[in-house]
Amino acid sequence: MSYLYFPGCSLKGTGRAYEESLLAVFRALGIPLTELADWNCCGATAYMSIDEHQAFALAARNLALAESQGSPADGAVQLIAPCSACYLVLLKAQQCLAADIALCQEITIALKEEGHCYRGRVRIRHPLDVLVHDVGLSEIARHVRQPLRGLKIACYYGCQIVRPFALFDRPHDPSTMDDLVRILGAEPVSWPLKTHCCGGSLTGTIPEVGWRLNYLLLREAQRRGAHLIVTVCPLCQFNLEAYQDQIRQRYPDLAPMPVLYFTQLIGMAMGLPPRELGLQRLLIPVDGLMAALSKEGAHARA
Amino acid sequence: MRAHEIYPNGGPRIGVYVCHCGLNIAGKVDVHEVVEFAKTLPFVVVAREYKFMCSDPGQEMIREDIREHRLNRVIVASCSPLLHEATFRRVLEQAGQNPFFFQMVNIREHVSWVTEDPREATEKAKALVAAAVRRVIFHEPLQRRRVPVKDHVLVVGGGIAGIHAALTLADAGKHVYLVEREPTIGGHMAMFDKTFPTLDCAACILTPKMSAVAAHPNITLWTYSEVIQVEGFVGNFRVRVRRKPRYVIEELCVGCLQCIDACVYKDARFPDEFNLGLGKRKPIYIPFPQATPRVVLIDPETCIWFKTGKCKRTCLEACERKAIDFEQQERIEEIEVGAIILATGFKTFDARRIPEYGYGKYPNVYTALEVERLVNAAGPTGGEVRLRDGRVPKRVGIIHCVGSRDERFNRYCSRVCCMYSLKLAHLIKERTGAEVYNFYIDMRTPGKGYEEFYDRLLQEGVHFIRGRVAEVTDWAITPEEEGKLIIRVEDTLIGVVRRIPVDMVVLAVGLEPQPDAEEVRRMFNISCSKEGFFLERHPKLAPVSTFTDGIFLAGACQGPKDIPDSVAQAGAAAAEALALIDKGYVELEPNTAYIVEELCSGCKTCISLCPYNAISFDEVRAIAVINEALCKGCGTCVAACPSGAARQHLFEDAQIFQEIEGVLAYV
């Protein structure tokens, strides 16, 4: 199956490591990914609350582009949206357009102005869904070169990919990432905050509140014995990783905790070069941890 | 046959009566215009209007006209025939006419209530009256048939509803077969310690009724048994019941329980179903001390003899009455009954379906039913509220509406959870002195003494927090939360998200239909509501009847109900069943199908289509034969018959075509 890929603005900016690792992993698995040409901002959740119609039009333009550029499989073009916000906004737009004929006509007219047309034949996918359900865990296991033995991981799904549309996992207690992590040789810790809020843009608007939410997430991961957090969302990754210094000034019990994209973790297990996975971009590096683990492993073997 | 051939004395003489129904009809339809129009139609001798045709004066008017104008056909244009067809047919009968020379026109539900424009409504009413006039000319005199009724009643389900219905009927002198799937009767009520709002002991009020069932000469009690087949019709049901082997001869066992003591397993070690796995039992056991019948049973899944064929079988020696029979086989009993009462009860919502509440993940999250066993003096802890590790909880949270009023699962309110949560809150506080928190959406306490009980709990210092709980977690933030379960909830009365640390969480699970309700529904040929509960014939006026004559409903199989409501409904169902069988016969409507023998080609098409198995094949004459007693008049065979041999009384081709032509001719 071939996939179109909608990066969204984060994966070209703060989330570059996400894009790099995603592309590297798909390349290594032999799955072609084609970036959607001429894509535009998804509108994110903010635009939705200011002007829903324009936000829908923005999202629908991307869907129309996907329809004209992709080759359909099972009646629909497969469009991968790795950023949780993009994934949710595109899905929401799609579902609202399907449910509301009047809205759909309005958006169709708007798209026509620019020569686009959207017929509802796009299937919006999250890469986690594609990797676990299309590629399959056993296929990924076949590509694992350096199992991540001894690594304890808190899998962080965030709120947007499973709610309100729980299309590939359970809404309150998702497990696909945990299964994936296990295949890579690591151990997912039991962590009840899988889908709790990272604060979203609160870290920028009311930092005290946003930082506290991130502190609670980080501290609980630490208490559960996790070495690192793995996430699927650029904003979650940024919030959890970038503010750790500020958080520590208020809550000194917090130790540094690396926060990786799940694709980076897969790439590491597959033995891909760290630079291809954007590991050098991590603010809290992971190599020290990995070295310690492998030494421990060697020790155990000896 | 032409109309005038039926009535050589001048042909059909029709009276048309148009009802105002107060303003229900007259507010939209110009009744006077309809009457004037009716007078112009062929064979109409008299046409009148009246404010309430169903009232005594209205009926009398029709009777008088029949006598005075020698009417031999009557049409009433009023409400749905479901309401008053029987009334007006009786009017014809009283005036000496055959009641089937009558046609009802529904100008209320079909016209005035659903048409906006008064002009259109009037025109539609006129068209329907014109159709009825054409139709009724071709009506024929019909006779209702009487069929004798069997004197016995089957009650399915031995919970409080089934028990009450069975005792009521048995006391009235009717023989009752009470069939229960579990090894004992008693149902859910037998599991409770106290009942709300009076807090009287459930066992104290239930067990006398259970022993009365066991001792009653008019009740045949079959526990550990299931109905597997139902045939026949009102008054004459043939039912097959499978009696599962308990490996103990019921007639011989006196319930001394020495076999249980003698079992090679010295300790009880298997999860005990009656205590929902909170207690343990041996392979040979009795569900609880007051089980009825007081007969032990052997579970072949856990008994060593059944599993390996190697056991000293010390139980055999221990039984002085030689009641244990390892060779026992299942038995099929066949009975004939006149009426059936379904009292198959409910199941509680599976709390695992809401993973965020942690049932099955955190050991100290319990369902309310489990806590009923914990607070029960005969339960696994002897009535002490203890956590799985033996600690006494100091703080307890009760979460309401688990699986109820939730669009993900069941939209309906389960009706009993608010009250049983109050009861459990009281009992837990009484036994442990714990702080008890109730998390509710709305408190629903309508019922005699219920609101007062709620008030009492408030006085007792039980906490009430209004809001649907988001999650139960072991994620502690503060030192006080360490080692506790934390209930996260938005307190919607003060607009704050709260975290309440507790030792024990009780999930007030809702009531759902039994998992096999759909199969049972099919077996008894009744309907289910969209939630899956058995459907009553009418929500207000026929709450214990079903759409299948002779089958009645009692208790929570019809919808969530507490004990008083279940008992009331069981009494009503018993009364309805009694009224049916006591009369000794049933009258069957004559709107049945029949076969014109000369036309039947014997193709058997109708036989496979009949949903009521009412058609058989006469091999000698090679034609289909309809059993009028079984026929419900659905018309399937009539529509399907390729040679036009299957016909139906009151739905003859001539009648239907004339009706259609009447509408078309007017329009």
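Where is B:Pro197 found? B:Pro197 sits in the loop between β8 (194–195) and β9 (200–201) of chain B, and the views below start from there. This is a predicted model, in which local features need pLDDT of at least 70, side-chain atom pairs count only at pLDDT 80 or more, and totals for chains, interfaces and linings use all residues. Residues are numbered from 1 along each chain as its sequence is written, while chains are lettered from A and ligands numbered from 1 in the order in which they are written.

View 1. In chain B, the bond that joins B:Phe196 and B:Pro197 is cis, with omega about -10°. In chain A, the peptide bond from A:Arg163 to A:Pro164 is cis as well, with omega near -5°. A:Pro164 belongs to the loop between β5 (152–156) and α7 (176–183) of chain A. Helices (H or I, at least four residues) and strands (E, at least two) are DSSP runs, numbered from the N terminus.

View 2. Strand β25 (residues 485–491) and strand β26 (residues 496–502) of chain B pair in the antiparallel sense over seven bridges; strands pair if DSSP finds at least two bridges between them. Look for B:Glu490, whose bridge partner in β26(B) is B:Val497. Four residues lie between the strands of this hairpin, and B:Gly495 in the turn has a positive phi of about 70°.

View 3. Chain A is divided into domain 1 (3–125) and domain 2 (143–301), with bounds from an automatic or database domain assignment. The domain centres, taken over C-alpha atoms, are 26 Å apart. Here 20 residues of domain 1 are in contact with 22 residues of domain 2, where contact means that C-beta atoms, placed from the backbone, lie within 7 Å. On the domain 1 side, α1 (16–29) and α4 (84–99) of chain A each supply at least two residues. The largest share of that side, 10 residues, comes from α1(A).

**View 4. B:Ile341 sits in the largest nonpolar core.** This core has 229 residues, and B:Ile341 and B:Leu507 have the most contacts inside it. A nonpolar core is a set of buried Ala, Val, Leu, Ile, Met, Phe, Trp, Tyr and Cys residues joined through C-beta atoms within 7 Å. A residue is buried if 20 or more other C-beta atoms, placed from the backbone, lie within 10 Å of its own, exposed if 12 or fewer, and partly exposed in between. Leaving aside neighbours within four places in sequence, the contacts of B:Ile341 include B:Val153, B:Phe552 and B:Ala577.

**View 5. Helix α13 of chain B is mostly covered.** Seven of the eight residues of α13 (residues 368–375) are buried, among them B:Glu370, B:Arg373 and B:Leu374. The buried residues of α13(B) pack against β20 (365–367), α14 (417–432) and β27 (504–509) of chain B.

View 6. B:Cys401 counts as buried because 26 C-beta neighbours are inside 10 Å. For B:Leu650, phi is about 70°, and its place is in the loop between β34 (646–648) and α20 (653–666) of chain B. With 17 other C-beta atoms within 10 Å, B:Leu650 is partly exposed.

Definitions and conventions
Two residues are in contact if their C-beta atoms, placed from the backbone, lie within 7 Å.
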